[in-house]
Amino acid sequence: QNIKNANTHAAQVVSEIPSTHRLCLSGTPIEAWVALAFFWALGLTVFYQFFTRYVLNNSASWTEEIARYLLIATVFTGATIGVAKNNHIQVDFFFRFMPDWMGRAMGTVVDVMRVAFFATATFLTGQMMDKLGNYKMTIIDLPMNLVYGVVMAGFAAMCLRAIWVARIHWQRDYTVLQR
């Protein structure tokens, strides 16, 4: 009976929470889920490293290298979220003092340069992968191109998100700083 009352009370409390405060993950981009998966894999790897080093007193040699690569994967997939939200570092100070037409022109230049940068980085990472060939990781017998492949996928996703953000800016006639 107490459990039934507790469940009824919990349902009542949840129904009283305004809909603006409820957790909704439907708008979470795929990049966030991928970054979260890499982050959890990194956390588990570091925990395993800690456990083997300090509890078993016999450190697993592969954990440090894999943790480094998982951190790289987390950063490059997570950076895509920053591009999608237009949160990356930018200089907004001068946009406040520019005429509107100049601010829109400069905003367009920034959007085009951002897309060009990420496209170039994607291309150059692909070239790097070609040059590496069959180069293996230091401790693990896996190709180093796995790591560079994740980096290239991150740059490609950032390029696509930058195009998406630029399109939104052009449709809304926004400058880089939304006045």
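1. Is asparagine 57 buried or exposed? With a relative accessibility of 68%, asparagine 57 counts as exposed, where exposed means over 50% relative accessible area, buried under 20%, and partly exposed in between (1.4 Å probe, protein chains only). This residue sits in the loop between helix 2 and helix 3. Although asparagine 57 is not a glycine, its phi is positive, about 55 degrees.

2. The model is predicted, so local features need pLDDT of at least 70 and side-chain atom pairs count only at pLDDT 80 or more, while totals for chains, interfaces and linings use all residues. Residues are numbered from 1 along each chain as its sequence is written, and side-chain values use heavy atoms, with hydrogens and water left out.

3. Now the overall fold. The protein chain has 5 helices and 0 strands, giving the pattern α-α-α-α-α along the sequence. Here helices (H or I, at least four residues) and strands (E, at least two) are DSSP runs, numbered from the N terminus. Of the 179 residues in the protein chain, 30% count as buried. The accessible surface comes to about 12400 Å², and carbon and sulfur atoms account for 66% of that surface; these areas come from the Shrake-Rupley method with a 1.4 Å probe, and for residues only the protein chains shown count as cover. Among contacts between residues at least 6 apart in sequence, 69% join residues at least 24 apart, a contact being heavy atoms within 4.5 Å.

4. Helix 2 deserves a look of its own. The 26 residues of helix 2 should span 38 Å at 1.5 Å a residue, and its end C-alpha atoms are 37 Å apart, which agrees. The expected span is 1.5 Å times one less than the number of residues. Helix 3 can be checked in the same way: with 23 residues, helix 3 reaches 34 Å from its first C-alpha to its last, close to the 33 Å expected.

5. On the surface, Ile30, Trp33, Val34, Leu36, Phe39, Trp40 and Leu44 form a nonpolar patch with about 740 Å² of accessible area together. Patches are made of residues with over 30% relative accessible area and no salt bridge, with like charges joined within 9 Å and nonpolar side chains (Val, Leu, Ile, Met, Phe, Trp, Tyr) within 5 Å.

6. Phenylalanine 39 lies in helix 2 (residues 30–55) and is partly exposed, with a relative accessible area of 48%. Threonine 74 is found in helix 3 and counts as buried at 14% relative accessibility. Leaving aside neighbours within four places in sequence, threonine 74 is in contact with Ala35, Phe38 and Phe39.

7. Next, the core. The largest nonpolar core has 10 residues: Ala79, Val83, Val115, Phe118, Ala121, Val151, Phe155, Met158, Cys159 and Ala162. Helix 3, helix 4 (100–132) and helix 5 are the elements that give two or more residues to this core, and the largest share, 5 residues, comes from helix 5. A nonpolar core is a set of buried Ala, Val, Leu, Ile, Met, Phe, Trp, Tyr and Cys residues joined through side-chain atoms within 4.5 Å. Setting aside neighbours within four places in sequence, methionine 158 is in contact with Phe76, Ala79, Thr80, Val83 and Phe118.

8. Finally, the charged pairs. Side chains of opposite charge can pair when their charged atoms come close. A search of the whole structure finds 2 salt bridges, each a side-chain nitrogen of Lys or Arg within 4 Å of a carboxyl oxygen of Asp or Glu. In one of them, glutamate 31 meets arginine 161 at 2.7 Å, N to O. That pair links distant parts of the chain, with glutamate 31 in helix 2 and arginine 161 in helix 5, 130 residues apart. Both glutamate 31 and arginine 161 are buried.

9. Aspartate 111 also forms a salt bridge, with arginine 114, and the closest N and O atoms are 3.6 Å apart. Because they are 3 residues apart in helix 4, aspartate 111 and arginine 114 are separated by about one helical turn. Aspartate 111 counts as buried at 3% relative accessibility, and arginine 114 is buried with a relative accessible area of 15%.
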